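Here is a short note for a colleague who is new to this structure. Please read the points in order, with the model open beside them.

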Amino acid sequence: MGKVLLVDDSELTRYLLSQILISGGHEVVGEASDGIEALQKVRETSPDVVILDVIMPKMRGPETLEEIRKISPATRVIICSGDHQEHTIRDVVKKGASGFIIKPFKKEAVLQEINSVLAGQVP
């Protein structure tokens, strides 16, 4: 099971993801509400996986993803977004995303995606 950092500007989304991940045996090592805070938490917690929202204040998800890649190349990033258009997915995969969770999410889909990413089954 993995150490996970949750990054989303919605406290409710972070709470729901946290409950799902804990029920699946994962450890939530931190939360952040924007990209700037996320980078600080990545440095502090060294997560295995970051679940990252696309639209956030201060620094959007794709930019945050690029910075995470620079400071912690081994950390996998799963994008969590309601925007599941092909160009959005292609853009974040190009920037280094390891997976994608579509909002509104289902427990089974979240656990399947994180377990696949942790097992090295990258798209």
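1. Surface. Accessible areas here come from the Shrake-Rupley method with a 1.4 Å probe. By that method the protein exposes about 6,300 Å². Carbon and sulfur atoms supply 51% of this area. Keep in mind throughout that the model is predicted.

2. Overall fold. How many helices and strands does the protein have? There are 5 helices and 5 strands. Along the sequence they follow the pattern β-α-β-α-β-α-β-α-β-α. The radius of gyration is 13 Å, close to the 14 Å that the globule rule gives for 123 residues, so the protein is as compact as a globular protein of that length. Its C-alpha atoms fill a box of roughly 35 × 30 × 30 Å, taken along the principal axes.

3. Packing and charge. Of the 123 residues, 45% count as buried. Take the contacts between residues at least 6 apart in sequence: 62% of them join residues at least 24 apart. The protein carries 15 positive and 18 negative charges.

4. T64, in helix 3. This helix covers residues 61-71. Is T64 buried or exposed? T64 counts as buried, because its relative accessibility is 0% and the cut-off for buried is under 20%. A polar atom of the T64 side chain lies 3.5 Å from the backbone oxygen of M59. Beyond its neighbours within four places in sequence, T64 is in contact with G35, A38, L39, L52, M56 and M59.

5. L39, in helix 2. One of the contacts of T64 is L39, which sits in helix 2. L39 is also buried, at a relative accessible area of 9%. Which residues does L39 touch, not counting those up to four places away in sequence? They are M59, T64, E67, I68 and I71. I79 is 40 residues from L39 in sequence, and their C-alpha atoms are 15 Å apart.

6. D53, in strand 3. D53 lies in strand 3, which spans residues 49-53. D53 counts as buried, with 6% relative accessibility. Its side chain makes a polar contact with the side chain of K103, at 3.2 Å. Leaving aside neighbours within four places in sequence, D53 is in contact with V7, D8, D9, G61, C80 and K103.

7. The K103 to P104 bond. The peptide bond from K103 to P104 is cis, with omega near -5°. P104 is placed in the loop between strand 5 and helix 5, the latter being residues 107-118. For context, most peptide bonds are trans.

8. Most residues other than glycine have a negative phi. Which phi does S46 have? S46 has a positive phi of about 45°, although it is not a glycine. S46 lies in the loop between helix 2 (35-45) and strand 3. At 45% relative accessibility, S46 counts as partly exposed. K58 also has a positive phi, near 70°, and is a residue other than glycine. Where is K58? K58 lies in the loop between strand 3 and helix 3. K58 counts as exposed, because its relative accessibility is 70% and the cut-off for exposed is over 50%.

9. K95 lies in the loop between helix 4 (86-94) and strand 5 (99-102). K95 is partly exposed, with a relative accessible area of 22%. What does K95 touch, residues up to four places away in sequence not counted? K95 touches P62, L65, E66 and R69. K95 and S23 are 72 residues apart in sequence and 30 Å apart in space, C-alpha to C-alpha.

10. I89, in helix 4. I89 has its place in helix 4. I89 is partly exposed, with a relative accessible area of 28%. L52 is one of the contacts of T64. I89 and L52 are 37 residues apart in sequence, and their C-alpha atoms are 13 Å apart in space.

Conventions:
Residues are numbered from 1 along each chain as its sequence is written. This is a predicted model: local features need pLDDT of at least 70, side-chain atom pairs count only at pLDDT 80 or more; totals for chains, interfaces and linings use all residues. Side-chain values use heavy atoms; hydrogens and water are left out. Helices (H or I, at least four residues) and strands (E, at least two) are DSSP runs, numbered from the N terminus. The radius of gyration is taken over C-alpha atoms; the globule rule is 2.2 Å times the number of residues to the power 0.38. Buried means under 20% relative accessible area, exposed over 50%, partly exposed in between (1.4 Å probe, protein chains only). Contact means heavy atoms within 4.5 Å. Lys and Arg count as positive and Asp and Glu as negative; His and the chain ends are not counted. The place of a charge is taken as NZ of Lys, CZ of Arg, CG of Asp or CD of Glu. A polar contact is a pair of N or O atoms within 3.5 Å; within protein, one must be able to donate a hydrogen and the other to accept it, and residues adjacent in sequence count only if both atoms are side-chain atoms.
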